[in-house]
Amino acid sequence: MSYAKGDETLAKDLVQEVFIKVWEHLESFREASSISTWIYRIAVNTCLIALRSQRKMQKTTQVDSLHIPSKDEDINEKEDQLWQLHQCINKLPEGSKTIILLELEGLPQKEIAAITGISHEAIRVRIHRIKNNLTKCMKHDSI
């Protein structure tokens with residue numbers, strides 16, 4: 001959902017695209033890592049490709065696909081904070097964005113390291129720095 005910027009339809013399309021790619025390339029899986037790591041890598045790559053093509057379209061249309069919730073209820077305040085967090089995540093460089101989204105999905109940091117090809121210690125440091133940047137962004141609306 002984070003890669004799709006809250007657009008449920010786009011997220012479902014991306015999931016379907018990932019499973020099609022997994023099915024089409026299953027015979028090329030070399031078992032050098034776990035199958036879940038391989039699938040996550042396909043999912044991340046698919047989402048990044050979709051984001052790049054979406055950015056190209058946004059440059060011409062300048063349309064934001066996120067719905068800004070109203071602030072009439074307490075629930076909407078939490079939705080606003082979540083929306084702001086997604087906005088801050090979208091301001092991150094692609095590598096940092098990938099790492100924090102995998103962290104938010106609950107993946108173990110060692111698995112994130114395997115997916116990204118970065119050492120576990122470096123992932124721990126990057127996640128700490130990314131969280132600090134997101135905290136600053138949430139307070140000041142800039143990274």
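The questions and answers below go through this model.

Guide: This is a predicted model, in which local features need pLDDT of at least 70 and side-chain atom pairs count only at pLDDT 80 or more, while totals for chains, interfaces and linings use all residues. Residues are numbered from 1 along each chain as its sequence is written, and side-chain values use heavy atoms, with hydrogens and water left out.

Visitor: What pattern does the protein follow along the sequence?
Guide: Helices (H or I, at least four residues) and strands (E, at least two) are DSSP runs, numbered from the N terminus. The protein has 6 helices and 0 strands. Read along the sequence, the pattern is therefore α-α-α-α-α-α.

Visitor: What percentage of the residues count as buried?
Guide: Buried means under 20% relative accessible area, exposed over 50%, and partly exposed in between, with a 1.4 Å probe and protein chains only. Of the 143 residues of the protein, the share that counts as buried is 31%.

Visitor: Are Cys88 and Cys137 buried or exposed?
Guide: Cys88 has a relative accessibility of 0%, and Cys137 also stands at 0%. Cys88 therefore counts as buried, and Cys137 likewise counts as buried.

Visitor: Which residues does Met138 touch, not counting residues up to four places away in sequence?
Guide: Met138 is found in helix α6 and is partly exposed, with a relative accessible area of 27%. The C-alpha atoms of Met138 and Leu82, 56 residues apart along the chain, are separated by 9.9 Å. Taking contact as heavy atoms within 4.5 Å, Met138 touches Gln81, Gln84, Leu85 and Cys88.

Visitor: At what angle do α4 and α6 pack?
Guide: Axes are lines fitted to C-alpha atoms, for helices over the stretch in contact, and angles run from 0 to 180 degrees between N-to-C directions. Helix α4 (residues 94–104) and helix α6 (residues 120–140) have their axes 10 Å apart, and the two are roughly perpendicular to each other, where under 35 degrees counts as roughly parallel, over 145 as roughly antiparallel, 65 to 115 as roughly perpendicular and the rest as oblique. Ser96, Ile99, Ile100 and Glu103 in α4 meet residues of α6 that include Ile123, Arg126 and Leu134. The angle between α4 and α6 is about 95 degrees.

Visitor: Which residues of α5 meet α6?
Guide: α5 and α6 pack at an angle of about 105 degrees, with their axes 9 Å apart, and are therefore roughly perpendicular to each other. On the α6 side the contact takes in His120, Ile123, Arg124 and Ile127. From α5, the residues are Gln109, Lys110, Ile112, Ala113 and Thr116.

Visitor: Which residues of helix α5 are buried?
Guide: The buried residues of helix α5 (residues 109–116) are Ile112, Ala113 and Ile115. Seen down the axis of α5, these fall within an arc of 165 degrees, so they line one face of the helix, the arc being that of the directions from the helix axis to the C-beta atoms.
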